[in-house]
Amino acid sequence: MKTYISIIILFIAVISLGIWDGIHTKKVFDYMENESSAIYTSLLTTEISDENVKSKIDNLNDYWTKEMDVLCISISRKDLQSISDYLQYLYSASINNNQEDAITYSRLLNYNLIGLNQITGTDFLNII
């Protein structure tokens with residue numbers, strides 16, 4: 001009887017971790033996708049020297065830095081590296097006030113986030 005209770009507790013713990021991880025991953029990628037899209041749109045209409053745009057980029061960089069370690073529980077760091085790279089390129093472009101590079105890297109960042117969000121999400125294609 002003690003064995004069954006231990007197995008049930010472990011089963012519930014594993015299922016709970018999986019559900020929490022799925023919800024957290026979806027929340028992080030949705031936020032990152034929305035913010036990167038907003039940054040891209042802002043860069044098309046305003047200059048990179050605008051403090052509001054720089055603030056958005058800085059906040060997105062800080063958010064990603066905090067959340068990336070938790071995402072490594074279920075997603076390979078190698079798969080997340082492209083997001084980090086493009087975000088750092090975008091951050092550098094904002095420091096250097098390089099509008100063209102900022103637009104390019106914000107678009108690449110958004111494109112990669114959309115792809116990772118689709119890959120990690122619960123979708124009919126992922127179940128197959």
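This is a predicted model: local features need pLDDT of at least 70, side-chain atom pairs count only at pLDDT 80 or more; totals for chains, interfaces and linings use all residues.
1. The place of V53 is in helix α2. Leaving aside its neighbours within four places in sequence, V53 is in contact with S42, L43, T46, E47 and I48.

2. The protein contains five helices and zero strands. Read along the sequence, the pattern is α-α-α-α-α.

3. How does the radius of gyration of the protein stand against that of a compact globule of 128 residues? The protein has 18 Å, whereas such a globule would have a value near 14 Å. The box filled by the C-alpha atoms, taken along the principal axes, is roughly 70 × 30 × 20 Å. Of the 128 residues, 28% are buried. Among contacts between residues at least 6 apart in sequence, 69% join residues at least 24 apart.

4. From α1 the contact draws on F29, M32, I39 and L43, and from α3 on L80, I83, L87 and L90. In this contact there are eight nonpolar residues, with no polar and no charged ones.

5. Helix α2 (residues 51–71) packs with α3 at about 160°, with 10 Å between the axes. The two helices are therefore roughly antiparallel to each other. Their crossing is left-handed. On the α2 side the contact involves K54, I57, D58, L60, N61, W64, M68, D69 and L71; on the α3 side it involves R77, L80, I83, S84, L87, Q88, L90, Y91 and S94. Sorted by class, these are ten nonpolar, four polar and four charged residues.

6. How do the directions of α3 and α4 relate to each other? The axes of α3 (residues 77–95) and α4 (residues 99–120) come within 8 Å and cross at roughly 160°. That angle makes α3 roughly antiparallel to α4. The crossing is left-handed. Residues D79, L80, S82, I83, Y86, L87, Y89, L90 and A93 of α3 meet D101, A102, Y105, S106, L108, L109, N112, L113 and L116 of α4. By class, this contact has 13 nonpolar, three polar and two charged residues.

7. The contact lists may be read together for α3. L80, I83, L87 and L90 are named in the contact with α1. These residues are also listed among those of α3 that meet α2, and among those that meet α4.

8. Which residues does L116 touch, apart from those up to four places away in sequence? They are F29, D79, L80 and I83. L116 is found in helix α4, and at 9% relative accessibility it counts as buried. F29 is one of the α1 residues in the contact with α3, while D79, L80 and I83 are among the α3 residues that meet α4. L116 and K27 are 89 residues apart in sequence, yet 13 Å apart in space, C-alpha to C-alpha.

9. Phi of N97 is near 55°, a positive value in a residue other than glycine. Is N97 buried, partly exposed or exposed? N97 is partly exposed, because its relative accessible area of 42% lies between the limits of 20% and 50%.

Terms used. Residues are numbered from 1 along each chain as its sequence is written. Side-chain values use heavy atoms; hydrogens and water are left out. Axes are lines fitted to C-alpha atoms, for helices over the stretch in contact, and angles run from 0 to 180 degrees between N-to-C directions. Helices (H or I, at least four residues) and strands (E, at least two) are DSSP runs, numbered from the N terminus. Angles under 35 degrees count as roughly parallel, over 145 as roughly antiparallel, 65 to 115 as roughly perpendicular and the rest as oblique. A crossing is left-handed if the near helix is turned anticlockwise from the far one by less than a right angle, and right-handed if clockwise. Contact means heavy atoms within 4.5 Å. Ala, Val, Leu, Ile, Met, Phe, Trp, Tyr, Cys and Pro count as nonpolar, Asp, Glu, Lys and Arg as charged, and the others, Gly among them, as polar. The radius of gyration is taken over C-alpha atoms; the globule rule is 2.2 Å times the number of residues to the power 0.38. Buried means under 20% relative accessible area, exposed over 50%, partly exposed in between (1.4 Å probe, protein chains only).
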